[in-house]
Amino acid sequence: MANDNDNWFTTGDDDLHIDEDLGVPKPPDIFKTNVAFLRNKRLVLLFVFIIIATPVCLTLIDVHRDGPTFVDLDITQFRLEKVNPLNGDSSDGIFAGLFRETKNKRTDKKQIKNITFGLTSCGEGVLENSVTSIKSMIIAAMNYGVKFLDARIFVESLNRMDDMSIILEEIKDEIPSSASLKFVYEIYVVEQVIPRGEYSYLWIELYKQCAAVHLFIEKAVQDVGEILFLDADTLVLGDLREVWSYFEEMDKNQFMGLTLEQGFSGFPSFYEKHSRIPFVPPTGVSTGVMLLNLTRLRQYDWEVKLTNVLRSFAHDLLRGDQDIINALFYFNRGSILFNLSLFNHALNLMESINKSFGYLFIFVICTEYLKVIPCIFNFRRSNCKVEQHCREASTHPDGIQILHGNSKTFEAGGEFREIYTVYRKFNLKSGNFKKNIVNRIMKYYENLRNSRTVFNSGCIAVGRQIFNRWWNHNTRNRMNDGQKKEL
């Protein structure tokens with residue numbers, strides 16, 4: 001007896017039905033369900049990616065960047081251990097890093113009234129940058145209802161301390177009483193922070209002057225539990241409470257929040273190209289903006305493990321304190337982080353297959369003690385020079401929140417020079433935020449886009465990623481005005 005499945009391949013009129021519209025044979029009924037399934041491209045691509053990506057990500061945990069510089073090291077010397085555990089604190093167990101992003105809800109921004117921040121002001125030409133950065137913090141605090149702003153400033157000498165004190169007093173006098181903002185500060189000399197001992201000279205000369213302060217700030221500010229620490233060449237453009245709210249999203253083991261060194265793209269990051277040390281996969285992390293829960297950090301043998309990293313990799317450090325942080329967190333990695341909103345590691349891979357694929361999820365290798373925060377809180381030229389690596393800059397309601405002027409982008413000819421200049425010249429007492437900052441920056445970038453000037457950097461698009469809410473408001477007004485004229 002002939003197999004029933006053979007009937008579909010015969011040419012008899014009784015068995016072969018012709019579609020009147022297309023003139024082609026219809027497929028057998030057995031395939032109808034499969035065809036409907038295959039038409040759902042998103043579901044298929046999601047399923048395929050999970051099957052392929054999961055073992056790859058698991059493999060990365062153990063073999064990523066295991067090179068000859070550290071493969072034979074005793075990694076136990078880098079593993080953090082609690083030396084002063086808090087009462088009632090316990091380990092999260094083996095699944096500590098799983099679904100870490102959705103574990104805690106962030107605090108309502110309106111409830112945040114007190115913020116402590118720190119920065120360094122060391123070396124030639126840095127004083128102006130650090131003062132402008134502090135002004136941007138005060139502007140953000142006034143605009144978004146922060147009532148108490150506590151600054152912790154680190155300088156290299158007593159002379160610089162005197163200069164900074166005079167400037168900060170002038171800034172305090174400029175704050176209008178209508179802002180209801182109390183601004184206080186303390187200034188420290190770096191020598192008071194750097195550990196004494198065999199490696200003290202290495203800490204002092206680490207990368208740039210005062211760079212090691214990032215690593216030992218918990219020793220200097222014993223009265224502080226949480227602090228936002230920034231490089232001197234940063235500008236706070238958005239709601240200061242937004243980044244602070246990520247403290248509440250950390251689990252009970254995490255004590256540091258950092259952005260990735262570079263967004264996910266087809267271009268390798270600095271660490272992927274040049275690093276001679278282990279780093280947090282997949283691209284490394286940046287220490288330009290740091291959220292530090294010092295209460296939790298003080299539980300661990302932090303200084304001992306930092307010194308072990310310095311001793312092991314002293315000759316391979318290219319970016320000083322940032323390299324040490326990357327190496328230490330590399331050896332203290334946790335589980336795979338499943339993130340629904342922040343990053344897009346999988347997206348670029350899937351976009352090449354199907355551009356209509358939605359931005360659904362991403363796997364990021366995380367560490368047990370590190371919280372990865374969005375790139376809008378440490379936006380740098382590397383996020384935009386070649387292509388846009390920070391999707392949150394376009395999708396977040398307020399766009400870029402903290403702008404980092406590394407790679408001399410705040411200097412003459414730099415991509416972010418105009419933004420820096422507007423903030424530097426702003427007068428806290430008589431200035432108007434919308435008129436003297438927002439409108440000027442928007443006008444500058446609008447003119448730049450409309451001119452015939454050839455820009456060799458993709459960072460020109462940053463103009464529309466700053467103050468997104470204002471750009472969208474102006475666009476709606478223009479559309480409404482155009483409709484009125486037509487009527």
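This is a predicted model: local features need pLDDT of at least 70, side-chain atom pairs count only at pLDDT 80 or more; totals for chains, interfaces and linings use all residues.
1. The order of the strands. Strands of a sheet pair through backbone hydrogen bonds, and the pairing may be parallel or antiparallel. Here, seven strands form an open sheet in the order S3-S2-S1-S4-S7-S6-S10, and the pairing is mixed. S3 (182-189) and S10 are the edge strands, each of them pairing on one side only. From one strand to the next, the twist averages 25 degrees.

2. Strand S2, which covers residues 148-155, pairs with S3 in the parallel sense, and the two are linked over eight bridges. Within this part of the sheet, Leu-149 stands opposite Phe-183 of S3. A further element, helix H3, packs on the sheet and touches S1, S2, S3 and S4 (226-230). The direction of H3 makes about 170 degrees with that of S1.

3. A residue of helix H3. Helix H3 spans residues 126-143, and Thr-132 is one of its residues. Is Thr-132 buried or exposed? Its relative accessible area is 2%, so Thr-132 is classed as buried, the cut-off being under 20%. A polar atom of the Thr-132 side chain lies 2.9 Å from the backbone oxygen of Glu-128. When neighbours within four places in sequence are left aside, Thr-132 is in contact with Leu-235, Tyr-420, Tyr-423 and Arg-424.

4. The first disulfide listed here. A disulfide is a covalent bond between the sulfur atoms of two cysteines. The structure holds two disulfides. One joins Cys-122 to Cys-210, with a distance of 1.8 Å from S to S. The torsion about this S-S bond is about -90 degrees, and the disulfide of Cys-122 and Cys-210 is therefore left-handed.

5. Cys-375 is joined to Cys-390, with an S to S distance of 2.0 Å. This link is right-handed, with 90 degrees about the S-S bond. Which loop holds Cys-375 and Cys-390? Each of the two cysteines lies in the loop between strand S10 (370-372) and helix H13 (392-395), so the pair ties together parts that are 15 residues apart in sequence. Cys-375 is buried, with a relative accessible area of 10%, and Cys-390 also counts as buried, at 1% relative accessibility.

6. A buried loop residue. Phe-78 belongs to the loop between helix H2 (41-63) and S1. With a relative accessible area of 0%, Phe-78 is buried.

Key:
Residues are numbered from 1 along each chain as its sequence is written. Side-chain values use heavy atoms; hydrogens and water are left out. Helices (H or I, at least four residues) and strands (E, at least two) are DSSP runs, numbered from the N terminus. Buried means under 20% relative accessible area, exposed over 50%, partly exposed in between (1.4 Å probe, protein chains only). A polar contact is a pair of N or O atoms within 3.5 Å; within protein, one must be able to donate a hydrogen and the other to accept it, and residues adjacent in sequence count only if both atoms are side-chain atoms. Contact means heavy atoms within 4.5 Å. A disulfide is a pair of cysteine sulfur atoms within 2.5 Å. Two strands pair if DSSP finds at least two bridges between them. Axes are lines fitted to C-alpha atoms, for helices over the stretch in contact, and angles run from 0 to 180 degrees between N-to-C directions.
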